Amino acid sequence: MKTMRRQIFIAIVLGALLVAGFAFAQTTTPSTATSTRDQLKLRAQELNQLKTQLRQERTEIFQDIKKERTTLRTEVKTMLQNYASSSLEERQEIREQIKNQRKEVKENILALRQNLKENAKLLRENFREKFQNVKQRARIAAAHGRGLRMINRYRAAVQRFSHILGKLESRVEKLKDRGVDVSSVEPLIEEAHDMETAAEAKLEEFKDNYEKLLSGEQKVSEIAGKGKTIAKELKEEIVKLHDKLKEIVRAIAALERPLETSTSTPSSETTTPETEDNE
Amino acid sequence: MDRNTLIIAVAIIVIVLATGVLYFLMKEEQPITPIVSDQKIRLAQEQDLTFVELTEEEKQALKDQGFDAPPSGEDSKTKSLQLVNTSDEVAAIAADINATDLSGLDAELAEIDKLLSGL
């Protein structure tokens, strides 16, 4: 009997504790949920603010690059017009000026790249939340992936030409050290550098365009259309750069030929490079 | 074996050993001739473009709509553009320029168009 009474007592106490627990849970749960919701709202607001800020910054950089590129192109053309007839010091000064102007554009391109990198993280964080419909989401992610794949290909072409241009430039420096007049090649090198910079800037624009797919803030048809335009323009820039490199190789070979005939050089150096003009 | 034979045998062994050592030393000193056409490097590309990994559900949704899953792995075109000669001889540079194939850079455009049409 005593044991039974104890069991009843324990059951009552446990029951009371259970009821109290439920009651406590009911009073605390809404406040936790509210604070989590508030935090999420706050986080979303912060992200939106950050995205807007990055977008504004991007627009400004794009405008700067556009302006700088136009100036660069015009001024380089003017500066290089009298390059061959200028003195050695003047030539050096002209090249320094061009280099400095190009540096400004390159700095802006780097800033743009950094901006896009930061924005990319935010876009990926919100992508699945933004596109709830799985069919639509799958198609956008696939199109975005193909866009990036294409950008990588274009990038590899620009990178290849930058590498080749670097080698040609060092070849010209070697000729200069041997006392050869390289004034006919140096303007070509500068022109090629400008084309390279223009292509690099266009590449960032290309990247920005396909990243917009993930934001859902622009019509996909507009993004697809712009992608085609940029792809065409970029291809044209790259082809022009390719042609310019061929022109530089021919010019360098013409400068090296008299040196090779006057000195006995290994057979590998006497090979006359032939560049194909047909695309 | 008399003493003279022993001396001659030792002398022969010393000469053979000395010739061998000299041969290896001279071989190491010979300049390495650059092989222009065979030595290539691959240019490293910045890895700042992150793809959105499709979930199984999304892959299935693509398939249901008649689209192929996006190609995975390395793009052969990109890879071939990244390969360049190591030599800085004009002939090698010209070879790299001539070997550049710019066709098909925009091969993805048509598929992107299909994927995005009607969205």
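Modeller: By class, three charged, two nonpolar and one polar residue form the lining of the second largest cavity. Here Ala, Val, Leu, Ile, Met, Phe, Trp, Tyr, Cys and Pro count as nonpolar, Asp, Glu, Lys and Arg as charged, and the others, Gly among them, as polar. A cavity is a set of points, on a 1 Å grid over the protein atoms alone, where a 1.4 Å probe fits but cannot get out, and lining residues have an atom within 4 Å of a point. The model is predicted: local features need pLDDT of at least 70, side-chain atom pairs count only at pLDDT 80 or more, and totals for chains, interfaces and linings use all residues. Residues are numbered from 1 along each chain as its sequence is written, chains are lettered from A and ligands numbered from 1 in the order in which they are written, and side-chain values use heavy atoms, with hydrogens and water left out.

The residues that line the second largest cavity are R69(A), L72(A), R73(A), D194(A), T197(A) and A198(A). Two elements of chain A, α1 (2–81) and α4, each give two or more residues to this lining. Helices (H or I, at least four residues) and strands (E, at least two) are DSSP runs, numbered from the N terminus. The space in this cavity is about 50 Å³, where a volume is the space filled by probe spheres set on the points, and grid points are joined across faces, edges and corners.

In total, the structure holds two cavities of 30 Å³ or more. Within chain A, α2 (88–130) and α4 (186–215) each supply at least two of the lining residues, and α2(A) gives the most, with five.

Chain B has five helices and two strands, in the order α-β-α-α-β-α-α from the N terminus. Of the 119 residues of chain B, 29% count as buried.

Terms used. 1 Å grid on protein atoms, 1.4 Å probe; cavity = no way out; pocket = protein on both sides within 12 Å on 5 of 7 lines; lining within 4 Å. Buried < 20%, exposed > 50% of the residue type's maximum accessible area, 1.4 Å probe, protein only.
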